[in-house]
Amino acid sequence: MAADNRYEEEEVRTDDGSPITKPRPIVRLGIFLVAHSPVFSVVFSAAGVLALLLLPLLAKNTYISENALMPGSARSMLSNRDASDGSKLVKDIKNFRLNHEGQGVEVQRLIGKYMSEMVAEVYYQKFQPEGNQFHPLHFFSGPASYTLLRNVSCASYGVNVVGIIRAPRGDGKESIVLVTPYDFINGGDYEDLSLGVVSSLFSLLSRVTWLSKDIIWLVADSRYGDYRPVAAWLAEYHTPSFKVSDQLKCDELNTADNFRRAGTVAAALVLKVDGRSERFEDILSIYADASNGQMPNLDLINVVNYLAVHRQGFHVKVEKVVSLLSSSWLKIVGEIFEAVGKVAHTLNPDWKFGIPAAEYIEGSATLASSLYSQAFGIPTGPHGAFRDYQVDAITLKISPGFPPDSKARQHDFFLRGSQLLEGTIRSVNNLLEKFHQSFFLYLLTSPSKFISVGVYMIAFALLVASLPMVAASLYVDGCKALTKSTHNSAENFKSWKWLDAAKQVFALHLLGFIVTLLPYFICQVPGQHSPRNRSIMWGTTSSLLLVTFVTIPGCSPFSSRLHGTNWAILKSVTISAAFIGLCLMSIINFATAEIGALLLVPTCLLAQPIKPALRSRRVKSLLGAFCSMVLVTIGFPVIFFAITKGLVGEGLVGLSLGGEFWTWLESLWAWKSATYLYIGMVHLPCWLLCVCILFHPS
């Protein structure tokens, strides 16, 4: 009876007595949000920006998720003898370089000889330098697809030296890779130190009995960069090629048919010794970003950070946006959050909200660098090649606090560096499976603090939450405007007038797709062209295509009045396209979607025709038109690129924007960064549509 009474209360009758059921609460909530979309769009957008500023406060301390890792639980077995072996290798390489300048093959043989004396299986792998030619299909190909240079001389081939230690307790199914990039032709003193550190460790690992995973030491020929030799070795390791190569004609080291393999790579560590530290202590920098925002398992970083700080006394750091450290507005924000945290602590001591302003600035600078690196989509080191094969890897760059010729400090440096790698290898050696316990999606605010995916996605969700509400509200307003002109509301709400706007939006997205492919055809133009000239060719061709699309009947947004579609419906479909594009990009690369949302969401929300504002001459209308113009100007990719260059500390004095922008895009497509596709197929079409809305003849 009670249920029947509730049903009768919910039932509403019309004039003719037929019952009408009230809409469900979720439907009523949707109608309420759409009806008040201007207010909620401001609230959600402000909340999204505030949530982004709060991220450094919400960062948590890192911890070891996988109990089997047990970093630091075993005592180091590295001895002075092992460090002396590393010192001897460094000394021999320096002496050989002084007496035989430029003899890269002999240095490779010398390193191979040392590996053989440590009872390692040694072989040499040749690879070709990679060309930098854009090809659209490479975005959807595997990591082993490279554009190789033709007519390469024998001296142009790179040679990797590889040594393998078979694990006495293993079955050959798993391995750990150590990588030391080294320029065999023009190697420096600091590069020699990296060889000395790994050689000391390799000397120990050749004698221990606790190894259950094979150890691979890859000395990568870095004359063509650090990434290419590692990628070439991994390509051959995972996808061997059986084609007859021209490399056989230049086979001084007998590299043919001697490529050897170990087990599946469980983890990889890349060690580089860079220039001298500005401080008196040794500094360890950790680089973890791989292509398209991929990151290694957080446990691997945590193990290295714990051992470096608590066992070896290194000063560990990650990259920061240095210009933000002196930012006055960021300092003000940090002081506000610090004051709010103190007030919250006085109200309730259990509320641990707020951090010191200096720590907030440091965390924000690190967070900005992490977001920028992931959004850029380019690996920050040769470890990125391993991530393409789903292998967890990081690059460790050590800046020693002493000159490279200091023998007294060198021995201690070899001991500490080798013990750090030994502890990390012991932890990975304990694993019975791949890294899986900790996070793969995270942002770093310091080497010991991180923000998980469940926290940083809130800012993005708040930013884009208002887009579907505003799109629905604009569609309703557009239909009402058509109702006034046709005096038939039922027909307009049920009509397909929005298809005209959808056709115009689709046309500009098709234009964006064509503009994205243009660099491939520009690269086919014969002759040597500078980046500036190529950018001019690209911009001119794109402008001609835009004019062509605008003149096509039915495709131009300016002809929407002729087709019975007003600017509100056009803006509604534009916002819907931006919402779909941003959500899809957040799945591929969150950092790109977050930065894109910061640009695209306010631009789409504030875009409206400026002619009515100029005619009305009201302060509110003129202010809205001015804000729209400013956002559209900043949202242009070239302008935003120039602003970003200034924010990261690279001045704009004498900067050739066209050439620099083309070079930047070249790096994006060379590394198959999804950010390039986002710019051409999501951001640029939506930006053009916002420009069309601004100058709409309404």
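Two strands count as paired if DSSP finds at least two bridges between them. Keep that in mind as we start with a pair of strands in this predicted model.

The pair is β4, residues 121-127, and β5, residues 158-165. They run antiparallel, and 7 bridges join them. If you want one spot to look at, find E121, which stands opposite I164 in β5. Strand β4 is mostly covered, too: 6 of its 7 residues are buried.

Is M115 buried or exposed? Its relative accessible area is 0%, and buried means under 20%, so M115 is buried. And what does M115 touch, once you leave aside its neighbours within four places in sequence? The contacts are A120, V122, V161, V162, G163, F202, W217 and V219. Another residue to look up from here is S206, 91 residues away from M115 along the chain. The C-alpha atoms of M115 and S206 are separated by 9.6 Å.

Next come the parts that a record picks out. The UniProt annotation "transmembrane region", from an unreviewed entry, covers seven spans if you follow its list: residues 29-55, 453-476, 505-523, 535-553, 573-601, 622-643 and 675-695. How do two of them look in the model? Residues 29-55 are 96% helix and 0% strand, with their end C-alpha atoms 29 Å apart. Residues 453-476 are 100% helix and 0% strand, and here the end C-alpha atoms lie 35 Å apart.

L623, F626, V630, I634, F636, I639 and I643 make a nonpolar patch of about 550 Å². The elements giving two or more residues to this patch are α20 (619-635) and α21 (637-647). Helix α20 gives the most, with 4 residues. I634 is found in α20, and its relative accessibility is 30%, so I634 counts as partly exposed.

For a contrasting stop, go to T592 in helix α18, residues 590-606. Because its relative accessible area is 5%, T592 counts as buried. Which residues does T592 touch, not counting those up to four places away in sequence? They are Q374, A375, M585, T675 and Y678.

Technical notes
Residues are numbered from 1 along each chain as its sequence is written. This is a predicted model: local features need pLDDT of at least 70, side-chain atom pairs count only at pLDDT 80 or more; totals for chains, interfaces and linings use all residues. Side-chain values use heavy atoms; hydrogens and water are left out. Buried means under 20% relative accessible area, exposed over 50%, partly exposed in between (1.4 Å probe, protein chains only). Contact means heavy atoms within 4.5 Å. UniProt positions are given in the numbering used here, feature names are shortened, and annotations may be inferred rather than shown by experiment. Patches are made of residues with over 30% relative accessible area and no salt bridge: like charges are joined within 9 Å, nonpolar side chains (Val, Leu, Ile, Met, Phe, Trp, Tyr) within 5 Å. Accessible areas come from the Shrake-Rupley method with a 1.4 Å probe; for residues, only the protein chains shown count as cover. A salt bridge is a side-chain nitrogen of Lys or Arg within 4 Å of a carboxyl oxygen of Asp or Glu.
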